[in-house]
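Biologist: Please pick one part of this model and take me through it closely, starting from whatever it packs into.

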Amino acid sequence: MDGNFIPQNNDQNRMPQGQVNPGNPGQPSGPMGNAQAGGAYGQGGPTGNAQTGGAYGQGGPTGNAQAGGAYGQGGMNGAGGFNPGPDPRQVQAEIKKTRHSWEVPMYIISILAGVLGVGLALLQFLLDGDMMSGITEAIDSGSLDVPGPLLFVLLTFGMSILAIVSGITMIILTLLYIIIILYQLYADQMCYSVKVSEKNYPEIYKKVQEFSMLLGMKRPPEVYVQQMNGQLNAYTSWVFGKPYIQLNAEIVDVAYLEHKDPESVYFIMAHEFGHAYLHHVQLKYIFWSFFANFLPVIGPFVIMPLLSRAREYSADRVAQALMPAYKGEEAMLLLIGGRHTYKYLDVNDYLQRINSDHNGMEHCARWFMNFLSSHPIMPFRIVALMDPRKKSGRMI
Ligand SMILES: [Zn+2]
């Protein structure tokens, strides 16, 4: 790890006596060393470490003020008054108002599509199988010596029982399939990731505690870091009893190297917290919407991507509620431009060029790209992040 970023117990990085450091976001500060990260509103303690500063925290009067404490109060020696930080109730109330307006309707539509899809699959199974031809042959050959009306009742009854048994089997197999995939993903963390803890990535660990507290999550999600050969990405998933988050190491590097920009990393993590908080990754949520995939073409290529895009906007809003002072579009520029040059990009120029430098045919191609995508395309997502209206975000 680069020793310049948020070092622990390093004398060289202590703040001078009585000095207050306003901690500009993501910028090294402190004349006698680094109070890097600083935190959006963090203030270094007058003595001792002011590591990370804390998003809203203030360093204590003496000694360590590591992370600052999300709600810490300090500044005994004139180092700055009381800053209580965001109220968890306010954050949660804000989130209730910001879920994307399409998400719940699309979730209901996905369940209805699932019922239709399973129904169609069962019908196809019952009508296309050898069973029907067997019955027809039996009737034709006269081996089924039963009166017509009784035969009709028996057949209807038999088919209904078969449909119910097949349906239950299909549901159980789907459930098992989802559970196996979920545990396979989790096993990947246990095999190839570093778990964020007080010792490993302690700054991220403290932010996990802060976000969990703000969201009222009794059990903070586990967070893992795994190198992914350059991919700038992160995801959230779930196994019984706990959600967890994977941050690709390439994202985490942004906090520790070159730009020393922990806020962008925290925002991406906050987005993943959004998925966990809104239950997007829990088995019951996945289970009920999953069957929409059984509806040919429309399920997997229209309904599921629409639901997924709405969820992404909702998760972005949670991230904004957790980090109101951070401009989320910067994290998106990081994902587009890469971790070295994103700091030099101009978001307004990006949006202007992407929207005005192309003809109708090209825009049509972009429209399809978005339509089939699980995530809103970047221009739409960035515009939504910059849009003060909540629940917004272009879907199609
Ligand atoms: Zn997401």
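Modeller: Let's start with the largest nonpolar core, which has 62 residues; Val223, Met269, Ala270, Phe273, Val318 and Leu322 have the most contacts inside it. A nonpolar core here is a set of buried Ala, Val, Leu, Ile, Met, Phe, Trp, Tyr and Cys residues joined through C-beta atoms within 7 Å. Buried is 20 or more other C-beta atoms within 10 Å of a residue's own, with C-beta atoms placed from the backbone. Helix α9 gives the most to this core, 11 residues; a helix is a DSSP run of H or I, at least four residues, numbered from the N terminus.

Some housekeeping: this is a predicted model, where local features need pLDDT of at least 70, side-chain atom pairs count only at pLDDT 80 or more, and totals for chains, interfaces and linings use all residues. Residues are numbered from 1 along each chain as its sequence is written.

Now follow Phe273. Leaving out residues up to four places away in sequence, Phe273 touches Phe211, Leu215, Pro221, Val318 and Leu322, a contact being C-beta atoms, placed from the backbone, within 7 Å. Phe211 and Leu215 are among the buried residues of α5, along with Ile204, Val208 and Leu214, but also Glu203, Lys206, Lys207 and Glu210. That buried set packs against α1 (88-96), α7 (262-277), α9 (298-322) and β2 (222-226), β2 being a strand (a DSSP E run, at least two residues).

As for α5's length, its 14 residues (202-215) should span 20 Å at 1.5 Å a residue, and the end C-alpha atoms are 20 Å apart, so the two agree; the expected span is 1.5 Å times one less than the number of residues.

Conventions: Buried ≥ 20, exposed ≤ 12 C-beta atoms within 10 Å, placed from the backbone.
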